[in-house]
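Subject: Structure handover

Hello,

Please find the structure below. My notes on it follow.

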Amino acid sequence: FLAFLAFLGFLSHKVTPVGDLFKKRFLLLEDSYPPKWWWTWINPPPWSISVGGIVVFASFIVFLGCFIHYWAHDHLYHSGTNMSNNEIRARFFGQCSNMLMGLLLFPVSKNSILTSCFGIAWEQVIF
């Protein structure tokens, strides 16, 4: 997952059309009146999303699905055959919380390379 994001970040910095594509933004809500008043914002409005943000979100969902499948179904837990379902669930939720807490360290830095590569506003990563 992280290697994939690093590769895409490198690609967006070295290949200009890819970087421009990742930073293209779409409004999630359209303004009715006054029209287009969001242009006065210094940062992108919070109701917009970039193509890079969509790519990061989709890759996170795929990674989370594979992670959940592995720890809930495929992991052998030291070949333990007499483990209860509650113990497997507890270990599964513990591993998922470790992974999510580790990934939360990325948006902590305000000048993260992931936010600049994918055109995601720092405030949007936090929320």
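This is a predicted model. Its chain has a mean pLDDT of 78, and 80% of the residues reach 70 or more. Confidence is highest in helix α4, at a mean of 89, and lowest in helix α6 (residues 122-126), at 69.

Helix α1

Helix α1 covers residues 2-14. With 13 residues at 1.5 Å a residue, α1 should span 18 Å, and the distance between its end C-alpha atoms, 18 Å, agrees with that. Leu5, Leu8, Gly9 and Ser12 are the buried residues in α1. Viewed down the helix axis, they fall within an arc of 100°, so they line one face of α1. What do these buried residues pack against? Their partners are α2 (16-22), α3 (51-74) and α5 (113-118). Ala3, Phe10 and Lys14, on the other side of α1, are exposed.

Salt bridge

The count of salt bridges comes to 1. This salt bridge joins Arg91 and Glu87, with 3.5 Å between the closest N and O atoms. That distance meets the cut-off, which is within 4 Å. In general, side chains of opposite charge can pair when their charged atoms come close. Where do Arg91 and Glu87 sit in helix α4? They are 4 residues apart in α4 (residues 85-103), so about one helical turn separates them. Arg91 is partly exposed, at a relative accessible area of 34%, and Glu87 is also partly exposed, at 34%.

Regards

Technical notes
Residues numbered from 1 in each chain as written. Heavy atoms only, no water. Salt bridge = Lys/Arg side-chain N within 4 Å of Asp/Glu carboxyl O. Helix = DSSP H or I, 4+ residues; strand = E, 2+ residues; numbered from the N terminus. Buried < 20%, exposed > 50% of the residue type's maximum accessible area, 1.4 Å probe, protein only. pLDDT = per-residue confidence, 0-100. Expected span 1.5 Å × (residues − 1). Arc of directions from axis to C-beta. Contact = heavy atoms within 4.5 Å.
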